[in-house]
Amino acid sequence: MGILQRMSMIFRAKADRALDRAEDPRETLDYSYNKQRELLVKVRRGVADVATSRKRIEVQMSQLTGQSGKLQEQAQKALSLGREDLAREALTRRSGLESQITDLQTQHAALQGEEEKLTLAAQRLQAKVEAFRTKKETIKANYTAAEAQTRIGEAFSGISEEMSDVGLAVQRAEDKTASMQARAGAIDELLASGALEDVTGTAKDDITVELDRLASTNDVELELARMKQELTTGSAEPPRQIEGQAEPAAEAVADSVVEPQPAPRQEEGRS
Amino acid sequence: MIVRIMGEGQLEIDDSRLTELNPLDDALSAAVESGDDAQFRSALVALLDAVRSLGSPVADDALVDSDLVLPFAEAHIDEVRELLSGEGLIPG
């Protein structure tokens with residue numbers, strides 16, 4: 001067969017070279033066994049690394065999804081306050097986030113596949129290493145160096161092929177996680193820079209600031225109206241806590257021209 | 001006959017079924033020669049599907065080398081070319 005046979009020759013040639021190097025093939029067995037155990041550790045670490053990467057993406061997906069939901073709410077709020085421009089801005093940003101989320105979902109699926117494959121590879125390798133150890137002890141106990149040479153043959157090239165394959169798989173998984181870490185880092189930076197608002201609510205995005213301002217203007221108008229009412233009736237009603245309930249007075253704000261004011265601090269906990 | 005799919009493990013295929021793989025292998029070889037990744041991809045997927053459906057998995061603790069080796073499913077044509085050159089790509 002063509003290409004498939006050529007590939008298997010390459011694996012076998014590699015095993016043969018390793019075997020040829022040793023003066024006593026029985027030493028090769030111990031050397032190889034140590035290499036196998038090292039590789040096993042490496043594969044398990046690879047599985048853990050991929051899992052870490054996958055979890056990080058999960059956290060980011062939920063952060064971005066939270067952001068997206070918040071922008072949706074902001075759009076609704078802005079629209080109820082008659083600010084279509086703000087609503088449009090919020091929805092535009094939301095669609096940007098949605099494409100990020102889609103991208104992360106693809107990466108997540110890829111990592112999940114990688115994790116499953118590597119986990120199975122680790123199981124296979126473990127079983128083979130164990131089988132090799134048994135075989136190695138048998139050969140060492142029962143054969144001279146010259147005899148061992150012929151006995152080792154297939155067992156050795158079998159495990160050597162597995163090691164080459166698994167070694168390559170781990171290397172590829174590591175490359176993949178490294179590139180995903182870099183992309184995840186970029187999203188973290190984006191979240192931290194405030195381009196996407198941090199879910200911890202420490203940084204306020206401009207849409208929130210604008211909505212807060214509108215809400216606070218509403219509060220002022222309502223408070224003024226209440227005071228005027230008090231003055232005319234002379235009653236001393238306790239002041240009502242309005243807390244950003246902007247909707248009832250949406251029309252009043254839409255009609256009035258208001259000067260910009262600093263964002264009210266009392267809204268801090270709500271964002 | 002033992003066939004390895006890189007990254008997935010080994011499968012045993014009855015020798016009598018090997019003739020079914022020949023044309024697929026030829027197509028893959030041609031694709032690698034041509035350097036066309038799309039053609040390569042469809043040839044690889046076809047071959048992998050055939051091997052998976054014809055073969056039965058070799059036991060985890062079996063220590064046998066493979067008669068045939070297939071590249072991993074998502075391999076790029078350049079990676080396979082590098083594998084075939086026998087240089088560098090296989091670690092250790």
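A cavity is a set of points, on a 1 Å grid over the protein atoms alone, where a 1.4 Å probe fits but cannot get out. By this rule, the count is 1 cavity of 30 Å³ or more. The model is predicted: local features need pLDDT of at least 70, side-chain atom pairs count only at pLDDT 80 or more, and totals for chains, interfaces and linings use all residues. Residues are numbered from 1 along each chain as its sequence is written, chains are lettered from A in the order in which they are written, and side-chain values use heavy atoms, with hydrogens and water left out.

**Cavity**
- The largest cavity holds about 60 Å³ of space, a volume being the space filled by probe spheres set on the points, which are joined across faces, edges and corners.
- Its lining residues (an atom within 4 Å of a point) include A:Glu114, A:Lys117, A:Arg172, B:Met6 and B:Phe72.
- Helix H3 (84-142) and helix H4 (145-193) of chain A each give two or more residues to this lining; helices are DSSP runs (H or I, at least four residues), numbered from the N terminus.
- H3(A) provides the largest share, 4 residues.
- By class, the lining has 5 nonpolar, 1 polar and 3 charged residues. Ala, Val, Leu, Ile, Met, Phe, Trp, Tyr, Cys and Pro count as nonpolar, Asp, Glu, Lys and Arg as charged, and the others, Gly among them, as polar.

**Interface of chains A and B**
- Contact (heavy atoms within 4.5 Å) links 35 residues of chain A with 38 residues of chain B.
- About 3400 Å² is buried between the two chains, and carbon and sulfur atoms give 58% of that area. Buried area is the accessible area (1.4 Å probe) that two parts lose on being put together, summed over both.
- Between chain A and chain B there are 6 salt bridges, each a side-chain nitrogen of Lys or Arg within 4 Å of a carboxyl oxygen of Asp or Glu.
- A:Arg12 and B:Asp65 form a salt bridge, with their closest N and O atoms 3.3 Å apart.
- On the side of chain A that touches chain B, H4(A) gives the most, with 14 residues.
- That side has 12 nonpolar, 9 polar and 14 charged residues.

**Salt bridges overall**
- Over all chains, the count is 25 salt bridges.
- A:Lys136 and A:Asp30 meet in a salt bridge at 2.9 Å, N to O.
- A:Lys136 lies in helix H3 of chain A and A:Asp30 in helix H2 (residues 25-80), so this pair ties together parts 106 residues apart in sequence.

Technical notes: On a 1 Å grid over the protein atoms alone, a cavity is a set of points where a 1.4 Å probe fits but cannot get out, and a pocket is an open set with protein on both sides within 12 Å along at least five of seven lines; lining residues have an atom within 4 Å of a point.
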